[in-house]
Amino acid sequence: MENKGKYYLTTAIAYTSGKPHIGNNYEIVLADSIARFKRKEGYEVFFQTGTDEHGQKIELKAQEAGTTPKEFVDRVAGIIRGMCDLLNISYDKFIRTTDADHEAQVQKIFKRMYDQGDIYKGAYEGMYCTPCESFWTESQLVDGKCPDCGREVKPAKEEAYFFRMSKYADRLIKHINEHPEFIQPVARKNEMMNNFLIPGLQDLCVSRTSFKWGVPVDFDPGHVVYVWLDALTNYITGIGYDAEGNSTEQYKKFWPADLHLIGKDIIRFHTIYWPIFLMALGEPLPKQVFGHPWLLMNSGKMSKSRGNVIYVDDLVDFFGVDAVRYYMLHEMPFENDGNATWELIAERTNSDLANTLGNLVNRTISMSNKYFGGVVADKGVTDEALDSDLKAVVTGTYAKVAGKMADLRVADALTEIFGIFKRCNKYIDETEPWVLAKDEAKADRLSTVLYNLVEGIVIGASLLQPFMPETAEKIVAQCSTKLREFEQLDKFGLYESGNKVTEHPEILFARLDMKEVEKKDAEMAAAMEAAAAKASAEEEKKEAIVDVEAKPEISYDDFGKLQFQVGEILSCEAVPKSRKLLCSQVKIGSQTKQIVSGIRPHYTPEEMVGKKVVVLVNLKPAKLAGVLSEGMILCAEDAEGKLALVVPEKEMPAGAEVM
């Protein structure tokens with residue numbers, strides 16, 4: 001095979017805040033299909049993926065989980081890598097931003113940028129989105145919320161280092177204009193130019209002091225490197241870049257990257273910040289950044305908080321690895337968002353995989369066994385019109401697929417490949433092998449027909465291998481042959497005449513019972529709803545924290561002057577001419593006190609009777625609405641002004657001292 005040179009491909013590294021859903025996994029499958037295709041074309045491919053493991057969000061998640069940030073990211077990174085392996089991803093390197101060699105280079109890069117004046121120290125005051133790890137000005141917010149994710153932002157002010165983005169902005173605009181292929185699709189390029197570059201870039205915050213979980217700025221303790229500068233540099237540190245000029249031979253061979261494959265939501269970071277960082281380092285820019293669309297669920301963006309996520313391991317358990325890979329790759333348009341539901345995946349599995357592909361392979365091999373004992377032989381008895389058209393479709397497909405893949409139109413490439421299998425099915429209908437089998441004089445024609453079908457299937461499977469590797473291997477194994485190199489796919493007739501197919505063909509994809517699919521979908525939906533409800537309840541609990549303005553400190557002696565006791569409410573009535581006050585007779589030890597409380601909007605007199613409450617008993621008596629009050633019943637108040645009585649956790653006698 002001709003060596004066509006190097007090809008360096010990366011995905012965005014996955015953020016280790018939790019288990020990724022199918023929308024997150026789409027990118028890695030897309031990248032894998034491109035990497036496998038390039039290898040088959042003769043390129044020396046280096047395919048890197050990994051995990052992004054620093055930042056405030058991770059620190060908070062670890063605190064919530066009661067663990068250290070490192071323990072937290074170790075666990076989640078293991079889950080993410082496990083999903084890559086489950087999906088049969090052929091990555092060459094899985095980088096983690098907690099890798100010691102990466103962290104060391106991030107520190108070197110930061111120091112170099114500082115020494116050459118690209119980074120300076122200042123202070124930041126603005127609005128901060130923790131999930132996105134992004135600062136925003138008031139003018140950049142959309143309806144007061146983060147313009148990227150739509151979540152709440154909070155005011156933040158802290159000492160920070162900044163990168164002089166404007167220093168390189170004109171140079172980047174020039175590069176984009178001179179390299180129209182740099183940002184794809186074109187709509188993403190227009191968005192970056194019109195919304196960010198042309199209006200003018202603000203300097204970028206590149207360090208934080210309000211949290212600790214990050215790569216330390218080694219020359220300024222207390223600062224950690226901002227997560228995007230840390231994360232983006234993985235594309236060069238992972239292949240051996242050294243900021244002091246001692247980069248490896250691997251780096252010199254593979255950089256610049258041929259393709260950064262990323263989600264459309266982070267294209268700003270990869271087409272503005274990242275190229276400018278590279279310019280500051282004096283390194284070439286990547287050749288292309290492709291911002292792919294999202295894979296949605298029921299036309300809505302997947303979100304664990306909304307409870308509308310699909311996890312890839314659940315799908316693989318039910319449909320199988322290659323069925324899931326096929327759906328993700330085939331159902332994603334080039335520029336627009338795709339959609340995923342259990343029902344849609346099942347329908348596509350039944351129509352394309354079970355019917356078009358699986359049934360074709362099964363009945364071709366079954367007929368070869370039935371009519372010729374499994375021997376597939378080209379007897380040279382042709383029908384020029386039928387056979388030439390089949391051969392033209394089969395041998396002409398590789399060029400079409402290669403063209404689609406060069407433009408990263410992976411879904412269209414798969415459609416072209418399945419055109420082979422559809423044409424083979426049509427060929428069966430046209431030649432009617434079961435009719436030919438009834439006439440012994442047509443045995444050689446029947447043998448030739450079956451040979452043509454097997455040859456077409458093998459060529460189709462060889463093209464299918466980058467997208468559905470396990471299925472492709474199973475197909476050629478049943479045909480008792482091997483996958484072909486791409487350079488052989490424009491030739492028809494390479495299958496060895498007289499070869500014998502497997503005696504017992506395996507069902508590649510069984511038809512799915514849609515009722516079973518609906519049942520599974522309902523089970524998963526119920527589980528997601530329960531998980532979302534639980535998460536929502538936990539979130540409400542967190543949000544229930546109320547901060548109140550601090551009062552002046554008191555001494556222990558001051559506190560000792562206050563006398564709190566448990567009281568039992570004997571009777572209670574509304575105070576006339578007041579909408580807020582209740583008057584209670586409260587038993588405290590051997591005495592009874594009358595206490596007036598402003599709790600009528602929250603409790604009825606009937607609800608109060610019999611309750612054990614906490615009372616401040618030595619409060620100076622006062623008249624409220626003309627009624628004498630001899631103490632205070634304690635209550636708690638939330639942010640919305642709702643009140644709740646402070647009551648003993650366990651049964652206590654009236655008069656018990658509260659200490």
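Colleague: Valine 29, buried or exposed?
Modeller: Buried, with a relative accessible area of 0%; buried means under 20%, exposed over 50% and partly exposed in between, with a 1.4 Å probe and protein chains only. Bear in mind that this is a predicted model, where local features need pLDDT of at least 70, side-chain atom pairs count only at pLDDT 80 or more, and totals for chains, interfaces and linings use all residues. Residues are numbered from 1 along each chain as its sequence is written, and side-chain values use heavy atoms, with hydrogens and water left out.

Colleague: Where does valine 29 sit?
Modeller: In helix H1, residues 22-41. Helices (H or I, at least four residues) and strands (E, at least two) are DSSP runs, numbered from the N terminus.

Colleague: And what is valine 29 in contact with, leaving aside its neighbours within four places in sequence?
Modeller: Leu87, Ile89, Arg325, Met328 and Leu329, where contact means heavy atoms within 4.5 Å. Leucine 87 is 58 residues away from valine 29 along the chain, and their C-alpha atoms are separated by 7.3 Å.

Colleague: OK, H18 next. Which of its residues are buried?
Modeller: Helix H18 covers residues 469-478, and its buried residues are Pro469, Thr471, Ala472, Ile475, Val476 and Gln478.

Colleague: What do those buried residues pack against?
Modeller: Four helices: H1, H12 (321-330), H13 (342-372) and H17 (443-464). Just after H18, serine 480 has a positive phi of about 55°.

Colleague: Switching to the sheet with S7. What's the strand order?
Modeller: S6-S5-S7-S9, an open sheet of four strands with antiparallel pairing. Strands S6 (134-136) and S9 (204-205) are at the edges with a single partner strand each, so one side of each has no neighbour in the sheet. Two strands pair if DSSP finds at least two bridges between them.

Colleague: How many bridges join S5 and S7?
Modeller: S5 (residues 119-129) and S7 pair over 10 bridges, in the antiparallel sense. Tyrosine 124, for one, has glutamate 158 in S7 as its bridge partner.

Colleague: And how many between S7 and S9?
Modeller: Two, again antiparallel, with S7 running over residues 154-163. Phenylalanine 162 has cysteine 205 in S9 as its bridge partner.

Colleague: What about the surface: which residues make the nonpolar patch?
Modeller: Ile554, Tyr556, Phe559 and Leu562, giving about 460 Å². Patches are made of residues with over 30% relative accessible area and no salt bridge; like charges are joined within 9 Å, nonpolar side chains (Val, Leu, Ile, Met, Phe, Trp, Tyr) within 5 Å. A salt bridge is a side-chain nitrogen of Lys or Arg within 4 Å of a carboxyl oxygen of Asp or Glu. Tyrosine 556 lies in helix H20 (residues 556-560) and counts as exposed at 70% relative accessibility.

Colleague: Last one, the whole chain. How many helices and strands?
Modeller: 21 helices and 27 strands. The radius of gyration, 34 Å, is well over the 26 Å that the globule rule gives for 659 residues, so the chain is more spread out than a compact globule. That radius is taken over C-alpha atoms, and the rule is 2.2 Å times the number of residues to the power 0.38. The C-alpha trace spans about 115 × 65 × 40 Å along its principal axes.

Definitions and conventions: Accessible areas come from the Shrake-Rupley method with a 1.4 Å probe; for residues, only the protein chains shown count as cover.
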